[in-house]
Amino acid sequence: MKTKEEILDFLEKNNCNQELINDVKGFYGYYWIAKSYKKHGAEFTELALKQDKAKDVWGVYRIARSYKENGVKFTELALQQKQAKDGEDVYKIAESYKENGAQFTQLALQHEKAKSGNDAFWIAMSYERNGIESTELALQQKQAKNGWDAFWIALSYERNGIESTELALQHEKAKYGEDVCNIARSYKENGVKFTKLALKQDKAKRGWDVYKIAESYKENGVEFTELALRRGKIKKLVFWSLVLCFFVYKLI
């Protein structure tokens, strides 16, 4: 294991990033570099230390990990991309080349919504798993703010169909990709009537809530589901009434 002084000497000799040199001098700086040497090996750590994108010790750690896990070829390719602003971006882009393939990763990197390595990864995964047509359709939606959202909307198009997904996209509670997918799933599996009823409930804050409430309407009936929803409200009302009585008693 190299000492802190040896690492700093290596950085100086290789004209490495000044921000990185300052970070290594810090309290936790040496810890992350030493950990990288131990986990990823000297070859990959020193290769990472030389990269301009390795602006801090965490960046070095992630790039060295990418060399080891994703391979030198994919990591070098990732380092060339405009979205690779730091070590985290580099890792996710290289991971995408490895997991989703070069074709889908390059396609994802060309899209304006691929602003980070993580976005590129999820858009490429969507191209690979959900298909180009569904992904392109998903990327056009306002709820597709990033790659993760786009992946879930495209998944919804594939699993729940265009009609159910388009219906879900119109509702104000479909704020994120996962919400869209779960509301669309509810339209498909629980029916439009029960899903619309569920969407009116205060407890239906996210798409998964909508799905489960609609499922209850379908399986347990409207009467019992409404009763269950009211019981929750009554319990909350009783609690706050007791709190108010306590404060009134204290004032008296």
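Predicted model: local features only at pLDDT ≥ 70, side-chain atom pairs only at ≥ 80, totals over all residues.
I'm counting two residues as in contact when they have heavy atoms within 4.5 Å of each other.

**Trp32**

I started with Trp32, which sits in helix α3, residues 29–40. Setting aside neighbours within four places in sequence, I get contacts from Trp32 to Val57, Trp58 and Tyr61. For Val57 I also checked the spacing: Trp32 and Val57 are 25 residues apart in sequence, yet their C-alpha atoms are 6.1 Å apart in space.

**Whole chain**

Next I zoomed out. I find 16 helices and 0 strands in the chain. The radius of gyration is 26 Å, well over the 18 Å that the globule rule gives for 252 residues, so I have the chain down as more spread out than a compact globule. Along the principal axes, the C-alpha atoms fill a box of roughly 75 × 65 × 25 Å.

I looked up burial too, and buried residues come to 46% of the 252 in the chain. The accessible surface is about 14400 Å², and carbon and sulfur atoms hold 54% of that. As for contacts with a separation of 6 or more, 51% of them link residues 24 or more positions apart.

**Helix α7**

At the start, a side-chain oxygen of Asp86 comes within 3.2 Å of the backbone nitrogen of Glu88.

How many residues of α7 are buried? I get 11 of the 14, so this helix is mostly covered. Among the buried ones are Val90, Tyr91, Ile93 and Tyr97, but also Asp89, Lys92 and Glu95. The cover over these buried residues includes α5 (57–69), α6 (72–79), α8 and α9.

**Helix α8**

From there I moved to α8, residues 102–109, where Phe104, Thr105, Ala108 and Leu109 are buried. Why do these four share one side of α8? They cover an arc of only 135° around the axis, which puts them on the same side. A reminder to myself: an α-helix has 3.6 residues a turn, so residues three or four places apart point the same way. The cover over the buried residues of α8 includes α7 (87–100), α9 (117–130) and α10 (132–139).

**Gln141**

My next stop was a loop residue. Gln141 is in the loop between α10 and α11 (147–160). Its relative accessible area is 15%, and buried means under 20%, so Gln141 goes down as buried. With neighbours up to four places away in sequence left out, Gln141 is in contact with Lys113, Ile153, Tyr157, Glu166 and Leu169.

**Ser186**

Last entry: Ser186, in helix α13, residues 177–190. Its relative accessibility is 0%, so it counts as buried. Which residues does Ser186 touch, not counting those up to four places away in sequence? I find Gly191, Thr195, Val210, Tyr211 and Ala214.

Technical notes:
Residues numbered from 1 in each chain as written. Heavy atoms only, no water. Buried < 20%, exposed > 50% of the residue type's maximum accessible area, 1.4 Å probe, protein only. Helix = DSSP H or I, 4+ residues; strand = E, 2+ residues; numbered from the N terminus. Arc of directions from axis to C-beta. Polar contact = N/O pair within 3.5 Å; in protein donor to acceptor, adjacent residues only side chain to side chain. Rg over C-alpha atoms; globule rule 2.2 N^0.38 Å. Areas by Shrake-Rupley, 256 points an atom, 1.4 Å probe, with all protein chains shown as cover.
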